[in-house]
Every structure is written in C-alpha cells, then in structure tokens.
Amino acid sequence: MANNTKQLNQIELLPGVRIIDLVLQIGTTIVVGDVHIGIEEALNKQGIMIPRFHFGEIMGRMERILEQARPEKVILIGDVKHEFGMISEQEWRETLQFLDLLLAHAKEVVLIRGNHDTILGPIARKRNLTVQDQAILGDILLLHGDKIPSLLPPGIATIIIGHEHPAVTIRDKIRAETYKCFLKGTYKKKKLIVLPSFHPMSEGTNILQEELLSPFLHQDLSSFEVYIAGDTTYYFGKVKNLLC
Ligand SMILES: [Mn+2]
C-alpha cells in the first residue's frame, strides 16, 4: 500500500471523470462507493469472527484521498452503513467520525440512500445532512443502483452507481486473486459507470462469474470495460476478453 507521500495515479474514465484510488473525481466533487460501516459488528453477531481493524483503514485511506483531491463536495453513493433496520453503537460512532472527516475537508457532503440505509436519517440529522435518492452533477445522474427509477431526469448522458461492489477474479495456474474494479459500459444508450465498494474487508462480486445484483447490470456485459482499482489503477480491457 502506498504511503502518504506517494501520489495516487489517476485515470480518466470519461472526459472530466477521473479515478483516484477507489473513488471518482468529477471537477471539485468526489464520489465514494459503498462504505458499509459496521459490517464487522454485524458479522460478529452472526458468529463470524472477523477482526474490527478496518475502520482505521477506511479513515486513513479516505483522508489520503481527500488530501490529494481537495474536493468541495463529497457524494456518498449509498450503503454508508451496513446493518439493516437498526443502528448499532459501533455504527453511530464510526459513521459520525467518518462524516466528520469528510466535513473537515469538504464544504458539502451529499448522502444518497442505499438499500442498507433505511434508517441512516437519524445519523445524518446529527450533522444537519439529508439523505436523498439521487444527485445530479451537470449531465451525470448518481444513484445507488439497487433499483431503476421509473423516470430518468431529462438531459442525462451518464449514470453512476454503486451497490454492486464489482471485482474481477484473475486466475493463473497456481492461484486466484480478486481485485476491486470500476466498470464502464452503457445502459439504454447512456454511459454507465459502476464504483467499487470502499470497504476493505470484501473485494466484492466477481462479475466474471457471479450473478449480478443491480438491475442496471442485468444485460450483456461483454463490452463493458474493467479498470482494476486501488493505489494504482490498471485498465484491463473488455469483460469478454477476461472470460475464459
Ligand atoms: Mn447496496
């Protein structure tokens, strides 16, 4: 992992839309995928014993991105917190700390509702933030991606979603490694970008094999392009060339 002095490299996905590490920079805005704060506690309750050191990693990584990108606005594209239907102590504490980090670096924080965010509202209100179903930046529509709105706003050329946690598993003879990735393709003649999840614990869904969650991705993905995400971004070409 890069240290604080190393510049994260940047790849332009579309004109004016750049990848920095696991997030997108669009002008003076950064867009962050599913953070899933509290997933460790939720799994612990189910008897899955995983350590809880990830929050520090989330904060450190986010801070490094904020220092490089210096955004005016941060958009969280949904599933900020993990647990359905209740807010655990860990989530209250950590979600507020995470929002405070964002608010210390940016003037505005926009929360988009995810399918895990049914009661994010009370946390958001503590910082005078609202939770909304979507956001628009110029001709870009941002939404979580768990459902398709019945009406897309007019003048939209690009749709950006989270929710899917896309990743690709690359195999060689002796091992298989899974990497978080950005996907770029189309949905009904609009450009579609899918963000990787921001949580370090799970790499995500291997889009080459597993069934996909988002209705935006219930289509032929063979010409979608894959960008492996992380400290360094790698263009991996089209999905069809990765299937073997
Ligand atoms: Mn989701």
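What radius of gyration would a compact globule with 244 residues have, and what does the chain have?

**View 1. Overall fold of the predicted model.** A compact globule of 244 residues would have a radius of gyration near 18 Å, and the chain, at 17 Å, agrees with this. The C-alpha trace spans about 50 × 45 × 40 Å along its principal axes. Five helices and 16 strands make up the secondary structure of the chain. Of the 244 residues, 41% are buried. Among contacts with a separation of 6 or more, 67% are between residues 24 or more positions apart.

**View 2. The largest nonpolar core.** This core has 60 residues, and Val31 and Phe182 have the most contacts inside it. Strand β12 (residues 176-187) supplies the largest share, five residues.

**View 3. Surroundings of Phe182.** Neighbours within four places in sequence are left aside here. The residues in contact with Phe182 are then Leu13, Ile19, Ile193, Val194, Leu195, Pro196, Tyr227 and Ala229.

**View 4. Pairing of β12 with β15.** Strand β12 and strand β15 (residues 225-228) run antiparallel and are joined by four bridges. Leu183 has Val226 in β15 as its bridge partner.

**View 5. The hairpin of β15 and β16.** Strand β15 also pairs with strand β16 (residues 234-238), in the antiparallel sense and over four bridges. Glu225 stands opposite Lys238 in β16. Five residues lie between the two strands of the hairpin. In the turn, Gly230 has a positive phi of about 155°.

Note on methods: Residues are numbered from 1 along each chain as its sequence is written. This is a predicted model: local features need pLDDT of at least 70, side-chain atom pairs count only at pLDDT 80 or more; totals for chains, interfaces and linings use all residues. A nonpolar core is a set of buried Ala, Val, Leu, Ile, Met, Phe, Trp, Tyr and Cys residues joined through C-beta atoms within 7 Å. A residue is buried if 20 or more other C-beta atoms lie within 10 Å of its own, exposed if 12 or fewer, and partly exposed in between; C-beta atoms are placed from the backbone. Two residues are in contact if their C-beta atoms, placed from the backbone, lie within 7 Å. Two strands pair if DSSP finds at least two bridges between them. The radius of gyration is taken over C-alpha atoms; the globule rule is 2.2 Å times the number of residues to the power 0.38.
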